[in-house]
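Keep the sequence and the 3D view side by side.

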Amino acid sequence: MKHNICMVSDFFYPNMGGVESHIYQLSQCLLARGHKVIVVTHAYGNRKGVRYLTNNLKVYYLPFSIMYINVIQPTGFVTLPMFRDIFIREKITIVHGHSAFSVLCQESIMHGKSMGLKTVFTDHSLFGFADVSSILTNKLLEFTLTDIDHVICVSNTSKENTVLRASIHPDKVSVIANAVDSDVFTPDPTKKDASKITIAVASRLVYRKGIDLLAGVIPILCQKFPQVQFIIGGDGPKRILLEEVREKYQLHERVQLLGELKHKDVRNLLVQGDIFLNTSLTEAFCIAIVEAASCGLQVVSTNVGGVFEVLPSDMIYLAEPSVQDITRVMEQAISDRLKGHVIDLFVLY
């Protein structure tokens, strides 16, 4: 049976991130299976109305203004006329919302159920239970998922978190890990600088991604290992912190800040690296470390959320989310890498 599926989230291209990539790639796979797929998100700058992406993937950029970090203001029933028109026009049979933090996602699920459509929700994040933001989000999520048909989580840790937050029965929740197209993320040894140990970072430069920790680690490692250099891709409010660290310790030649990257350029960053560093404070899965491992990098990550489920132990070094422990684990990873370089040179000789 062929379905008409509507993917909905505040987070989609041209914004970059794991949720955006997941929606796009999932949509492409469903199109390849013969289903009809559309995407609904909010306007991004001048990108409004209807656009088409690869394989005629139709995207609706609705004219709603952003309230906070690419999320629209909660509207209740204000979005109903637009969603109703889209669902009827496109003959939608399944509404698939992504990310608990997305207002469009939650409202589309509510409107979809009111129209008798099947609804699915994929949770990409972990939330707490004590702070005001988490309490409000969890209550809203519990209301939205009351009559949901099915929920997908990206890790077992994420499933436990969602079941508790939304008071939903575990039988309604499946765990489906994220994946990458390994034909896109392939190693390229010719891009590496053999005289350097290059540490690659690809992340939104925000507090949740642990950029404060990264800023504390960079000068320590650069002082201890003269052959270490950093290449950092991504943008956000914490970029100025990294710029201040680079200026304070005169690391302009050893710390490159590439700014916001298009998804097609992420692989070009990764293949230059020897070690990939993820300093997140919370992660349900972390697709970036899978992309890095696919490109042949040794991965170092904070041991938070569902990260420990993602890669085999011989492909990742795990650290506690503190400057001291990340530094300790990075020193171990760099030392192991240097030993590997010595062995490689010996074999070549």
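Asp 147 and Lys 113 form a salt bridge, with their closest N and O atoms 3.9 Å apart. Asp 147 sits in the loop between helix 4 (132-144) and strand 9 (150-153), while Lys 113 belongs to helix 3 (residues 103-114), so the pair ties together parts that are 34 residues apart in sequence. Lys 113 is partly exposed, at 24% relative accessibility. This is a predicted model.

A second salt bridge links Asp 212 and Lys 238, at 3.1 Å from N to O. Asp 212 lies in helix 6 and Lys 238 in the loop between strand 12 and helix 7, so this bridge ties together parts 26 residues apart in sequence. Asp 212 is partly exposed, with a relative accessible area of 32%. Lys 238 is partly exposed too, at 22%.

Now look at Lys 36 and Glu 90. Their side chains meet in a salt bridge of 2.6 Å, N to O. Lys 36 is in strand 2 (residues 36-42), and Glu 90 is in the loop between helix 2 (80-89) and strand 7 (94-98), so the pair ties together parts that are 54 residues apart in sequence. Lys 36, at 34%, counts as partly exposed. The model's count comes to 14 salt bridges.

Next, turn to helix 7 (residues 239-248). Leu 242, Val 245 and Arg 246 are buried there. Why do they share a side of helix 7? They cover an arc of only 100 degrees around the axis, which puts them on the same side. The buried residues of helix 7 pack against helix 6 (211-224), strand 12 (228-233) and strand 13 (255-259). On the other side of helix 7, Ile 240 and Lys 248 are exposed. Just after the helix, Gln 250 takes a positive phi of about 55 degrees.

Last, the surface. Met 67, Tyr 68 and Ile 69 form a nonpolar patch there, with about 340 Å² of accessible area together. Ile 69 is in the loop between strand 5 (66-68) and strand 6 (71-72). This residue is partly exposed, at 48% relative accessible area.

An unreviewed UniProt entry annotates residues 42-131 as "domain: PIGA GPI anchor biosynthesis". In the model, that span is 24% helix and 31% strand, and its end C-alpha atoms lie 27 Å apart.

Technical notes: Residues numbered from 1 in each chain as written. Predicted model: local features only at pLDDT ≥ 70, side-chain atom pairs only at ≥ 80, totals over all residues. Heavy atoms only, no water. Patch = residues over 30% accessible without salt bridge, like charges linked within 9 Å, V, L, I, M, F, W, Y side chains within 5 Å. Areas by Shrake-Rupley, 256 points an atom, 1.4 Å probe, with all protein chains shown as cover. Salt bridge = Lys/Arg side-chain N within 4 Å of Asp/Glu carboxyl O. Helix = DSSP H or I, 4+ residues; strand = E, 2+ residues; numbered from the N terminus. Buried < 20%, exposed > 50% of the residue type's maximum accessible area, 1.4 Å probe, protein only. Arc of directions from axis to C-beta. Contact = heavy atoms within 4.5 Å. UniProt positions renumbered as here; feature names shortened; annotations may be inferred.
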